[in-house]
Amino acid sequence: MYIVFLGAAGAGKGTQAAKMSKALKLTHLATGNLFRQIQVQNTEIAQLLRSYMEKGELVPDEVTIRMVSEQLSTPDSASGMIFDGFPRNLNQAEALDKALAERGKTLDKVVYIKVSEGELLSRIGGRWVCRKCQTPYHTVTAPPEVWGKCDQCGGGLHQRADDTEEAMKKRLDIYFTETASLIDYYTRSGKLVEVDGEGDIKSVERRIAEALNKTAVRPV
Ligand code: AP5
Ligand code: MG
Ligand code: ZN
């Protein structure tokens, strides 16, 4: 199964994709996480990625598409994937269709997580992420068991460099001007399922499981 999780910054793509990938035993490919991981080393490509991400701008398509294609060629991806944060425009969506077709696969579903703008801002405002595994937490809605430490791996928590007011505004602008057009694209192909992303994490998780016709999947 190949599934895209679509939604604005702070909609809960990462939170929910992590849960669904475990439940459905699919590889979770989050392009933002992949790009942040690359920045741990101070290489030329790391500097290029940072220059776009810190401003909240999209990384150029040719770089993004090449990296996703590389991931699609790994053995782990053969049985299915959840794409989180990719595609983000029409060009990337067409490239994904093509890359899957070349491998004899197709995209099964696109889960669009819909959340109001006010809620997005309060989710981003309280977010802390693990430095090591990038699991997201929230000071109010999803605190870790021990403050400052990741429940999954014990790593330290920090705030993302692009969770500033300015970069956040840019990310939301780009979402509404470029990425939201994918809602139409995937509606036309009959793949879009819209899920109400408001409410607590467990409720959203249940709705997504239902939307994927996997009501038997137990929330993790
Ligand atoms: P990326 O890392 O993908 O960021 P984003 O799209 O802005 O989305 P976020 O990760 O901020 O939000 P999320 O939906 O994952 O929410 P989360 O689960 O964390 O991309 C970053 C940058 O990388 C881009 O700006 C761009 O530069 C580059 N990039 C990435 N992909 C690219 C691409 N394809 N092309 C070009 N450039 C690309 O949840 C948010 C918070 O809310 C957390 O604190 C969480 O604990 C909390 N929360 C989650 N669900 C709930 C709930 N139901 N109730 C209450 N709180 C909740
Ligand atoms: Mg994310
Ligand atoms: Zn961790």
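**Exercise 1.** What is the geometry of the site of the zinc ion (ligand 3), given its four donor atoms?

*Solution.* The model is a predicted one. Begin with the donors: C130, C133, C150 and C153 each provide an SG atom, at 2.2 to 2.4 Å from the zinc ion (ligand 3). Next, consider the angles among the four donor atoms, which run from 97 to 117°. Four donors count as tetrahedral if all angles lie between 85 and 135 degrees. The site is therefore tetrahedral.

**Exercise 2.** Determine how the donor residues of the zinc ion (ligand 3) are spaced in sequence, and which parts of the chain C130 and C150 tie together.

*Solution.* The spacing of the donor residues is C-x2-C-x16-C-x2-C. C130 belongs to strand β5 (residues 127–130), while C150 is found in the loop between β6 (136–138) and β7 (157–158); the pair therefore ties together parts 20 residues apart in sequence.

**Exercise 3.** Classify the aromatic pair formed by W128 and W147, and then the pair of Y185 and Y186.

*Solution.* The structure contains four aromatic pairs. For W128 and W147, the ring centres are 5.6 Å apart and the planes stand at 80°. Planes over 60 degrees apart count as edge-to-face, so this pair is edge-to-face. The pair links distant parts of the chain, with W128 in strand β5 and W147 in the loop between β6 and β7, 19 residues apart. W128 is partly exposed, at 25% relative accessibility. Y185 and Y186 also form an edge-to-face pair, with 5.0 Å centre to centre and 75° between the planes. Both Y185 and Y186 are buried.

Methods:
Residues numbered from 1 in each chain as written. Chains lettered and ligands numbered in written order. Predicted model: local features only at pLDDT ≥ 70, side-chain atom pairs only at ≥ 80, totals over all residues. Heavy atoms only, no water. Donors = N, O, S within 2.8 Å, 3.2 Å for Na, K, Ca; no water. Tetrahedral: all angles 85-135°; square planar, octahedral: opposite > 155°, others 65-115°. Helix = DSSP H or I, 4+ residues; strand = E, 2+ residues; numbered from the N terminus. Phe/Tyr/Trp six-rings, centres within 6.5 Å; stacked < 30°, edge-to-face > 60°. Buried < 20%, exposed > 50% of the residue type's maximum accessible area, 1.4 Å probe, protein only.
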